[in-house]
Amino acid sequence: MKEQKINSSQGSERRKLISGLGILSIVTLVSGLSFFKKKKQIIACNPHENKTVKMLTEDGRLVEVDANLLASNKKIATDKDLQSWIKR
């Protein structure tokens, strides 16, 4: 009679273990599927991004200027130009 009680208790423990592993596998499967979902592509209303450039003004303030508004002259300023340009 003791053997039947031991076998029935082992069977119930096995069932609990198998059901726990089943639930765990279902949870990992669901989380794995959500990982592989494609992200939605966001389309901007304005196709041209506004790129800004940080520049220093004559009085020493740092301002952001739209890159489209800058002139295309790409001259390199010399030390003398900078010294005469900055107001102290």
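The legends below describe close-up views of a predicted model. Local features need pLDDT of at least 70 and side-chain atom pairs pLDDT 80 or more, while totals for chains, interfaces and linings use all residues. Residues are numbered from 1 along each chain as its sequence is written, and side-chain values use heavy atoms, with hydrogens and water left out.

**View 1. The chain and its secondary structure.** The chain has two helices and two strands, in the order α-β-β-α along the sequence. Helices (H or I, at least four residues) and strands (E, at least two) are DSSP runs, numbered from the N terminus. Of the 88 residues, 0% count as buried (under 20% relative accessible area, 1.4 Å probe, protein chains only).

View 2. Strand E1 (residues 52–56) and strand E2 (residues 62–66) run antiparallel and are joined by five bridges; strands pair if DSSP finds at least two bridges between them. Threonine 52 has aspartate 66 in E2 as its bridge partner. Five residues lie between the strands, and glycine 60 takes a positive phi near 95°.

**View 3. The salt bridge of aspartate 59 and arginine 61.** The structure holds one salt bridge (a side-chain nitrogen of Lys or Arg within 4 Å of a carboxyl oxygen of Asp or Glu). The side chains of aspartate 59 and arginine 61 form a salt bridge, at 3.1 Å from N to O. Aspartate 59 and arginine 61 are both exposed (over 50% relative accessible area).
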